[in-house]
Amino acid sequence: MMTLSLRAMRYVQAALRQGSISAAAGEMNVAPSAIATALTQAEATFGVALATRARAKGIFPTTAGREVQRRIDDLLERYDGLLADVSDLQTGISGSLAIGYNAPIGPAFLPPIISRLLAAHPDVDLSFTEGDNTSVTAGLIEGQFDVIIFVEEVPNVQIATRPLVFAPTYCLCPQDHPLARKATVHVSDILQEPLILLDRPAARSYYMELLAQGDAPVQLVGRANSTEMVRSLVAEGLGVSLLNMRPRDVTTYAGGQVCCLPLAGVTNGVQLSLGFAPGPMRRLTHLFVDACAAYFDGPEGGEFVVTSGS
């Protein structure tokens, strides 16, 4: 079966509308032969005569020609609408943005970033989904998310990234614990204490490998797969823990107080990054990415990491 290009359909549309091959050629800025060829191709493709030709009088659409013209008009209108919608999607500052995040303290930094974005662009609709690295990266690749915040581990050709912040590993202990009086703690100090482990897929092996650098066994007394549960268990005095990012407020959900202490001689940490599809980026996505990067480049972003000088 023959096919008809969009260009040929535009030529046919112009010819049937103008009732003249030469007038259509002038409208489309092409040679009359191009219009005539397109009309002949269309008749061969559809298997019907679209117009009668009268020398010096132009062309006259047949009944079938008028029906084909109506359908071509509809098709090209919808196609042009699609192009316009995609252009608006690319350049407009409205619409929906789906964000996936593997950042347990995301609720501490995402609201201020978003509030500034919405203040400038109130027509934006945002959705947030928390998950682990595997689920949010899969969601981005499968098109569920426009952008993700995740721990960047190994490069993935399907994901473009932008670093946000490097978060060194720190020790979490109750505020009234003897360790809280130290400026820094060592892995050997942690191995002397009962340990509450953040039991998430990547974190579990990462923290255990770090503790394996010491010369004593780990005294594991509890596991929790949420950062806030770890913080609350530690605040209750059940043990100490290892984490990477901290919320601004030291008070836990249970009302207890904790202390965040840098680790001496340890360079381990996690790289929190933005992830998005490679290639051209929607303007709305670009604004969100830039807003996150600016936030973590500023003084507010530094409050979420624990260093020897913090």
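Predicted model: local features only at pLDDT ≥ 70, side-chain atom pairs only at ≥ 80, totals over all residues.
Reader: Why are α1 and α3 called roughly perpendicular to each other?

Author: Helix α1 (residues 6-18) and helix α3 (residues 32-46) pack at an angle of about 100°, and their axes are 8 Å apart. Angles of 65 to 115 degrees count as roughly perpendicular, and α1 and α3 are therefore given that description.

Reader: What makes the contact between α1 and α3?

Author: Helix α1 contributes Ala8, Tyr11, Val12 and Ala15, while α3 contributes Ala34, Ile35, Ala38, Leu39, Gln41 and Ala42. By class, nine nonpolar residues and one polar residue take part in the contact of α1 with α3, with no charged residues.

Reader: Why is the pair of phenylalanine 109 and phenylalanine 304 called edge-to-face?

Author: Two values decide the matter. Ring centres must lie within 6.5 Å for a pair, and those of phenylalanine 109 and phenylalanine 304 are 5.8 Å apart. Planes over 60 degrees apart count as edge-to-face; the planes here stand at 75°, so the pair belongs to that class. The structure holds six aromatic pairs.

Reader: How do you know that the pair links distant parts of the chain?

Author: Phenylalanine 109 belongs to helix α5, whereas phenylalanine 304 lies in the segment after α11 (299-302); the two are 195 residues apart.

Reader: What makes up the lining of the largest pocket?

Author: The largest pocket holds about 640 Å³ of space. It is lined by 30 residues, with Asn102, Asn133, Val151, Glu153 and Ala202 closest to its centre. Two or more lining residues come from each of α6 (133-141), β5 (147-151), α8 (201-211) and β12 (269-276). Helix α8 supplies the largest share, five residues. By class, the lining comprises 18 nonpolar, eight polar and four charged residues.

Reader: What makes up the lining of the second largest pocket, and which element gives the largest share?

Author: About 290 Å³ of space lies in the second largest pocket. Its lining consists of 14 residues, and Pro104, Ile105, Pro107, Glu228 and Tyr253 lie nearest the centre. Both α5 (106-120) and α9 (227-235) give two or more residues to this lining, and the largest share, three residues, comes from α9. Sorted by class, six of the lining residues are nonpolar, three are polar and five are charged.

Terms used: Residues numbered from 1 in each chain as written. Heavy atoms only, no water. 1 Å grid on protein atoms, 1.4 Å probe; cavity = no way out; pocket = protein on both sides within 12 Å on 5 of 7 lines; lining within 4 Å. Points joined across faces, edges and corners; volume = space filled by probe spheres on them. Helix = DSSP H or I, 4+ residues; strand = E, 2+ residues; numbered from the N terminus. Nonpolar A, V, L, I, M, F, W, Y, C, P; charged D, E, K, R; others polar. Axes fitted to C-alpha atoms, helices over the stretch in contact; angles between N-to-C directions. Parallel < 35°, antiparallel > 145°, perpendicular 65-115°, else oblique. Contact = heavy atoms within 4.5 Å. Phe/Tyr/Trp six-rings, centres within 6.5 Å; stacked < 30°, edge-to-face > 60°.
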